[in-house]
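Hello,

Here is the model I promised to pass on to you. Please have it open while you read, and my notes follow below it.

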Amino acid sequence: MGRKFFVGGNWKCNGTADQVDKIVKILNEGQVPSPDVVEVVVSPPYVFLPVVKSQLRPEFHVAAQNCWVKKGGAFTGEVSAEMLVNLGIPWVILGHSERRSLLGESSEFVGDKVAYALSQGLKVIACVGETLEQRESGSTMDVVSGQTKAIAERIKDWTNVVIAYEPVWAIGTGKVATPAQAQDVHAFLRDWLKTNVSPEVAESTRIIYGGSVTAANSKELAGQLDVDGFLVGGASLKPEFIDIISSATVKSA
């Protein structure tokens, strides 16, 4: 299929300078598959982006956890796509459920963010996912297709987009979508792209899973046909992140 496995590590709002040094040391010393097999991107808080970028092994890349929806200016507390590009930061995570739920970011706002970040040359990890209530009411597919549609309406080129399916009920809860549940949603999203964007985009776009991914469950999840990698939260701060990265070999075997 030609979709390179992708593993992202979202550090969220965690870390001190000492802790970041320790995490980077673990990453730099870890034995992982070659860059031909897996693409690795870690996302520290803004304040640590330059130091992580400068110290991290060259085949690993860094991402910001968010950026502003348009060009910089009188937007106190925000960081623009242009600033990230200026620092040589190649990736940004947009639309994470924590920003949708805690900060009220709508799907349309996220779509605008994705379009602007791409226009400035950033690559985007675009997050979609349903809450527990939405899962239990049977509206998962409606929710994720609506979130994806808001992006698709605003962009034409999907080359630099990775979709991260993150069921909100599984983020940081210890609950994990079963491999079958994850595969169902990933296959649905790929089919949605095929129908609503193009077969080529559906075939080439990586759809990764996030939601309490650990070393213990990563290989089984990686074995699913339409799971092209992971966006890892808490485990990306621990040595087991190396094992999660190594689960990419399931796809290349």
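Let me start with Arg135, which counts as partly exposed because its relative accessibility is 24%; buried means under 20% relative accessible area, exposed over 50%, and partly exposed in between (1.4 Å probe, protein chains only). This is a predicted model, in which local features need pLDDT of at least 70 and side-chain atom pairs count only at pLDDT 80 or more, while totals for chains, interfaces and linings use all residues. Residues are numbered from 1 along each chain as its sequence is written, and side-chain values use heavy atoms, with hydrogens and water left out.

**Salt bridges**

The partner of Arg135 is Glu130: the two form a salt bridge whose closest N and O atoms are 3.0 Å apart. The term stands for a side-chain nitrogen of Lys or Arg within 4 Å of a carboxyl oxygen of Asp or Glu. Glu130 has a relative accessible area of 0%, so it is buried.

By this rule the model has 14 salt bridges. One of them joins the side chains of Arg206 and Glu39, at 2.7 Å from N to O. Arg206 lies in strand β7 (residues 206-209) and Glu39 in strand β2 (residues 38-43), so this pair ties together parts that are 167 residues apart in sequence. For these labels, helices (H or I, at least four residues) and strands (E, at least two) are DSSP runs, numbered from the N terminus. Arg206 and Glu39 are both buried.

Another salt bridge brings together the side chains of Glu105 and Lys113, at 2.8 Å from N to O. Glu105 counts as buried because its relative accessibility is 8%, and Lys113 does so at 1%. There is also a network of salt bridges, which links Arg3, Arg190, Glu203, Asp226 and Asp228.

**Helix α1**

How far does helix α1 reach from its first C-alpha to its last? The span of this helix (residues 17-29, 13 residues) is 18 Å, close to the 18 Å expected at 1.5 Å a residue; the expected value is 1.5 Å times one less than the number of residues.

Val20, Ile23, Val24 and Leu27 are buried in α1. Seen down the helix axis, the buried residues of α1 fall within an arc of 100°, so they line one face; the arc is that of the directions from the axis to the C-beta atoms. As background, an α-helix has 3.6 residues a turn, so residues three or four places apart point the same way. The face of α1 turned away from the buried side carries Asp18, Lys22 and Glu29, which are exposed. The cover over the buried residues of α1 includes β2, α2 (49-55), β3 (60-64) and α11 (240-246), where contact means heavy atoms within 4.5 Å.

**Aromatic pairs**

Rings of Phe, Tyr and Trp (its six-membered ring) pair if their centres lie within 6.5 Å; planes under 30 degrees apart count as stacked, over 60 as edge-to-face and the rest as tilted. By this rule there are five aromatic pairs. One of these is Trp68 with Phe109, an edge-to-face pair at 6.4 Å centre to centre and 65° between the planes. This pair links distant parts of the chain, 41 residues apart: Trp68 sits in the loop between β3 and α3 (81-86), and Phe109 in helix α5 (residues 107-119). Trp68 counts as buried because its relative accessibility is 16%, whereas Phe109, at 27%, counts as partly exposed. Ring pairs join Trp68, Phe75 and Phe109 into a cluster.

**Loop residues**

Lys12 belongs to the loop between β1 (5-10) and α1, and at 19% relative accessibility Lys12 counts as buried.

Ser212 is in the loop between β7 and α10 (215-222) and is buried too, at 18% relative accessibility. A polar atom of the Ser212 side chain lies 3.1 Å from the backbone nitrogen of Gly174. Such a polar contact is a pair of N or O atoms within 3.5 Å; within protein, one must be able to donate a hydrogen and the other to accept it, and residues adjacent in sequence count only if both atoms are side-chain atoms. Leaving aside residues up to four places away in sequence, the contacts of Ser212 include Ala170, Ile171, Thr173 and Asn217.

Ser198 makes a polar contact as well: its side chain has a polar atom 3.0 Å from the backbone nitrogen of Val201. Ser198 is in the loop between α8 (179-196) and α9 (199-204) and counts as buried, at 15% relative accessibility.
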